[in-house]
Amino acid sequence: MNENNIQSVYFVGAGGIGMSALVRYFLRKGYQVGGYDKTPTPLTTQLIEEGAQIHYEEDVQLIPDCFKDKATTLVVYTPAIPKEHKELQFFTQEGFELQKRAQVLGWLTRQHKGLCVAGTHGKTTTSTMTAHILHQSHVDCNAFLGGISKNYGTNYILSESSDYVVIEADEFDRSFHWLRPWATVITATDADHLDIYGTKEAYLESFNHYTTLIQPGGALIIHTDLEMTQRVPEGVSVYEYSRDKGDFHAENIRIGNGNIFFDFVSPKGVIRDVQLGVPVGINIENGVAAMALAQLAGATDDELREGIRSFQGVDRRFDFKVKNERVVFLSDYGHHPKEIEQCVRSVRELYQDKKIAAIFQPHLYTRTRDFYQEFADALSLLDVVYLCDIYPARELPIPGVTSELIYNNLRPGIEKHLIHKEQILDEVAKGGFDVLISLGAGDIENYVPQITELLSAR
């Protein structure tokens, strides 16, 4: 990618959470930016207000002329866009430079010092925490995140001076193999995306290869419990972390009255009385990883402590919507069995004597087929489960694969309901719980504002 020739950037799939961060980057850098997305959303509306030219019909005639000069236009697309997409076909046939979002992020890690967070789960919160710690410190950073930071109302931070860029390293479609991190965290390697990888072994090998891409002089910060063999280049430092052991870990954890405090232990010493801004148990571990990455980048002890304390969270990641004496409601993006298990255990840790319910919308037929028993085991940690139909995303139905696979394997005695998403509000209105969690990566999020309104009035 030769930045000197590029005057305009066109995004096929502009409204995705990861793509939109790049849209904002190129807008801020002064390029003409446009693109296509399937449907209008609040995010695409914001991008248009910020200067992007976005349309919603798959039509070559709607592409503005300024994006039709292949000598000056870069086309960025997401793997979720089918190859037969008319606009993508046009750019391909006309010989435009096409790059996946991941390739552009890889280019950014060669222009800056990349601080990357990879893993099956935890990467959005950990990368957003890292970005916030650094942005409010003297180090500062650029950041391309997989969720909307509640501190900044965006998934993107641009610095005029910092040489660091924080990037969420996505293993889907092997996207993270385009990156060249200066330092990286790996949070988890529980098998996922088997529609892409085929086997758990191939999935793990993908992470093994990722560790070979770290730049000499950089660092790998890896969770203590991972099933993988890192193959780091010579000159790369390797550290381990977790909640309670490793080079970076927490000690003297105190949970009570809706607050969590701990002492942060690192090779550089101990930072006492760190307060979690979003006090859920899993964020102790996420916070340790983020503080480790930020400390290696040069943040001071006081900046680390203040960054964690003032972190407000990420939309749809332990996102508390209602919190009063009568009822608690939170929205979470969890769509992998391990994410759901960690979410439920963290909520149970906070609300030990409460009746906890969740509405879960499975995401993808293949993921449901591959992990229905694991989903059932994780959801069985709840008191009440409302199970919706599968959200297909990019997939066609698979015969015999429905939410009933999960429903039929929930533990005996659990209160369970098999519902269509149109019934969600009626079920919520009936009550019968103290804490409610909305779980899933599909369009269940569209119901969150109405659930919030319903429970706020309860």
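A salt bridge here is a side-chain nitrogen of Lys or Arg within 4 Å of a carboxyl oxygen of Asp or Glu. The model is predicted, so local features need pLDDT of at least 70 and side-chain atom pairs count only at pLDDT 80 or more, while totals for chains, interfaces and linings use all residues. Residues are numbered from 1 along each chain as its sequence is written, and side-chain values use heavy atoms, with hydrogens and water left out.

**Stop 1: Arg-243 and Glu-349**

Select Glu-349 and Arg-243, whose side chains form a salt bridge with an N to O distance of 3.2 Å. Glu-349 is in helix H10 (residues 337-350) and Arg-243 is in the loop between strand E12 (237-241) and strand E13 (249-256), so the pair ties together parts 106 residues apart in sequence. Helices (H or I, at least four residues) and strands (E, at least two) are DSSP runs, numbered from the N terminus. Glu-349 is partly exposed at 26% relative accessibility, and Arg-243 is partly exposed at 25%. On this scale buried means under 20% relative accessible area, exposed over 50%, and partly exposed in between (1.4 Å probe, protein chains only).

**Stop 2: Lys-123 and Glu-171**

Next select Lys-123 and Glu-171, which meet through their side chains in a salt bridge of 3.3 Å, N to O. This pair links distant parts of the chain, 48 residues apart: Lys-123 belongs to helix H5 (residues 123-135), and Glu-171 to the loop between strand E9 (164-169) and strand E10 (183-186). Are these two residues buried or exposed? Lys-123 is buried, at 9% relative accessible area, and Glu-171 is buried at 1%.

**Stop 3: Glu-306 and Arg-309**

Move to helix H9 (residues 301-309), where Arg-309 and Glu-306 are three residues apart and therefore separated by about one helical turn. Their side chains form a salt bridge, 2.7 Å from N to O. Arg-309 is partly exposed at 42%, and Glu-306 is partly exposed at 30%.

For a network of salt bridges, select Arg-254, Asp-263, Arg-272 and Asp-273 together. The structure holds 22 salt bridges.

**Stop 4: His-363**

Select His-363, in the loop between strand E18 (356-360) and helix H11 (365-379). His-363 is buried, with a relative accessible area of 12%. What joins the side chains of His-363 and Arg-367? A polar contact of 3.0 Å does; the term covers a pair of N or O atoms within 3.5 Å, where within protein one must be able to donate a hydrogen and the other to accept it, and residues adjacent in sequence count only if both atoms are side-chain atoms. Leaving aside neighbours within four places in sequence, His-363 is in contact (heavy atoms within 4.5 Å) with His-335, Tyr-391, Ala-393, Ala-441 and Gly-442.

**Stop 5: rings**

How many aromatic pairs does a search of the whole structure find? The search finds 18. Rings of Phe, Tyr and Trp (its six-membered ring) pair if their centres lie within 6.5 Å; planes under 30 degrees apart count as stacked, over 60 as edge-to-face and the rest as tilted. Tyr-164 is in strand E9 and Trp-182 in the loop between E9 and E10, 18 residues apart. Both Tyr-164 and Trp-182 are buried.

Then select Phe-11, Tyr-25, Phe-26, Tyr-31, Phe-144 and Tyr-156, a cluster linked by ring pairs.

Finish with charges over rings (NZ of Lys or CZ of Arg within 6 Å of the ring centre and within 35 degrees of the ring normal). Lys-323 lies over the face of Phe-320, 4.3 Å from the ring centre. Lys-416 lies over the face of Tyr-407, at 4.3 Å from the ring centre.
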